[in-house]
Amino acid sequence: MTFIPAIICSAAVAASPAADSLYAARQALRDGLWDVVRIQTENVPGDEARLMALESYAREGRWDDVLGSLDSWKNCNGEAFRYYRAAALAEKRGFKAALEILDKSAFNDPLYKKLAERLRAMIAAGEGDFAAALKHMESSSVGDDEWQAQMYMAELKVTTGDGAGAKALWHKVLANTNADLRAQSVAASNVGDIPSLKRVYSLASPASFKRKVGLELGVALLKDVQTMDEGVKLIRDTVKDSPDAEGACEAYLAVADLFLSSSRWREAGEAYGEALEI
C-alpha cells in the first residue's frame, strides 16, 4: 500500500460566513465529491476556495494539477500554498526542489510547521533514510488522535527494527474510535487482536474489503488451537465465494502450513494444491 499521510491531503480551511458555493464545496469535500468541490470553487475568489480545490486534487493524488493550479493563480504565496507546492513536488519525487521550498524560510503557522516536518519525513523515507524519517516524524509532535501519522510511524519503526514501538502505535490506533476501518484492520492484524478484527469484519464494506479482512481474521484464528478450525472454515468459505480475493493464496498457504505442522499430511497436500490453483 502506498501511504499518503492525511496531513498532506488535508489543508486547513478557516471557517467563514460561507457563500452558497463555498458551503456546497465544504459539503462536497466532506463527502469526497472532488469534482463538485472544484466546480463550486472555480469562480470563487479568495484563499479558502483555492485551498479546497488543492485539497480535492491532493486527495485524488493529482499532484500535476496541484502544481498547475499554483502556477496559474496569482498571489498565492502564503504558507499553505508553499506547503502544497513542496508536497506536490515531493510526491513526484522532486525531493531536492521540495526541500529547497521547505528550507527557504521557516513556517510560522504551527499547523504548517508540523506538516513541513512530516513532509521532510516522507522525503527522507523516499531517499531510503528511514531513521531520519522517523526522527522527523517524532519531531512533529504526533498527537494521540492522529491515527494516520501513527500508522506511518509504525511502518517506519518496523523498517528500523523497533517492533515493540510499532506495536504500541498500532494499539493506539485501535483505541481511537475515529480511526479508519482499513487502518484498524491492519493494526489489528499486526498485533493479533482477534476481537478488533471481528468487529472490523462485521462493519467492513465494500465486499472486496470485507473479504480481505475475513482472510486476515481467518489467518489470525489459525494461530490458536481453540480457534483454528474456525479460521480454516472462514478462509475456505471466503475463497470459495471469491477465489480472486486479495490475500486468498497467502491465506490458503497459511492453512496448508498449519496442517503440515500438525502432521495432517493429506490435508496439507490438498491445501497446497488448492493454493496453487488460486
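This briefing describes the fold, surface and nonpolar cores of one protein. The structure is a predicted model, in which local features need pLDDT of at least 70 and side-chain atom pairs count only at pLDDT 80 or more, while totals for chains, interfaces and linings use all residues. Residues are numbered from 1 along each chain as its sequence is written, and side-chain values use heavy atoms, leaving out hydrogens and water.

**Overall fold**
- The protein has 17 helices and zero strands, taken as DSSP runs numbered from the N terminus (helices: H or I, at least four residues; strands: E, at least two).
- The C-alpha trace spans about 70 × 40 × 30 Å along its principal axes.

**Burial and cysteines**
- Of the 278 residues, 44% count as buried (under 20% relative accessible area, with exposed over 50% and partly exposed in between; 1.4 Å probe, protein chains only).
- Cys76 is buried at a relative accessible area of 10%, whereas Cys249 is partly exposed at 29%.
- The whole structure contains zero disulfides (pairs of cysteine sulfur atoms within 2.5 Å).

**Nonpolar cores**
- A nonpolar core is a set of buried Ala, Val, Leu, Ile, Met, Phe, Trp, Tyr and Cys residues joined through side-chain atoms within 4.5 Å.
- In the largest core, of 34 residues, Met137, Leu156, Trp170 and Val173 touch the most other members.
- Helices supplying at least two residues each to this core include H8 (110-126), H9 (130-139) and H14 (207-221); H10 gives the largest share, seven residues.
- Another core, of 28 residues, lies apart from this one and includes Tyr57, Cys76, Ala90 and Ile123.
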